[in-house]
Amino acid sequence: MFDKIKNKSKDLNDSIKEKVGELGGKATSFLGDGLSEINGLKPVLEKSGFIIGDVFFGLSFPPKIGIIVEQKAGGVKNLDNLSDNENLSKLQSAIISSIQKVYKMNEMVENHDHTIGQIEIEIGLPPGIKVHLNSKESRAFAS
């Protein structure tokens, strides 16, 4: 009986190692594809007054990659320029559309003594967007 339990444990351990190896390979491929998409988006965002302040990656099932977009001074004024580039992938267009939709709330947010700080866009299943609102009293706005 002990041998049977030992064999089952070994089989389970081997199965886990195999699954982790598969996930690692898929995650590496996903990360490479995601970084290519992100790098293609950088110049478009920069021309429009935004930067990719951070890239994050989650080794989960399924794996996730995401960006944190930040506005440079005057960035909101250039939002219309974001959609002028016709050479964007579907994913890049979706990211830009998301940024534009978030900033449509900017006036309302500012009326409540906050401003849109960062937009965290998670690419994966399911996709997600988190908007970080900064208080206008934040030290980030101190002169």
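Buried residues are those under 20% relative accessible area, exposed residues those over 50%, and partly exposed residues those in between (1.4 Å probe, protein chains only). By this criterion, 27% of the 143 residues of the protein count as buried. The model is a predicted one, in which local features need pLDDT of at least 70 and side-chain atom pairs count only at pLDDT 80 or more, whereas totals for chains, interfaces and linings use all residues. Residues are numbered from 1 along each chain as its sequence is written, and side-chain values use heavy atoms, with hydrogens and water left out.

**View 1. Overall arrangement of the elements.** The protein has three helices and four strands; helices (H or I, at least four residues) and strands (E, at least two) are DSSP runs, numbered from the N terminus. Their order from the N terminus is α-β-β-α-α-β-β. Among contacts (heavy atoms within 4.5 Å) with a separation of 6 or more, 52% come from residues 24 or more positions apart. The accessible surface amounts to about 9700 Å², and carbon and sulfur atoms contribute 54% of this surface.

**View 2. The open sheet.** Four strands are arranged in the order β1-β2-β3-β4 with antiparallel pairing, where two strands pair if DSSP finds at least two bridges between them.

View 3. Strand β1 (residues 50-58) runs antiparallel to β2 and is joined to β2 by eight bridges. Ile51 stands opposite Glu70 of β2, and Ile52 has Val69 of β2 as its bridge partner.

View 4. The structure holds one salt bridge, defined as a side-chain nitrogen of Lys or Arg within 4 Å of a carboxyl oxygen of Asp or Glu. Glu122 and Lys64 form this pair, with their closest N and O atoms 3.2 Å apart. Glu122 belongs to β3 (residues 114-123) and Lys64 to β2 (residues 64-71), so the pair ties together parts 58 residues apart in sequence. Glu122 is partly exposed, at a relative accessible area of 23%.

**View 5. Helix α2 against the sheet.** Helix α2 (residues 90-103) lies across β1, β2, β3 and β4 and runs at about 155° to β3. Axes are lines fitted to C-alpha atoms, for helices over the stretch in contact, and angles run from 0 to 180 degrees between N-to-C directions.

Note on methods: Areas by Shrake-Rupley, 256 points an atom, 1.4 Å probe, with all protein chains shown as cover.
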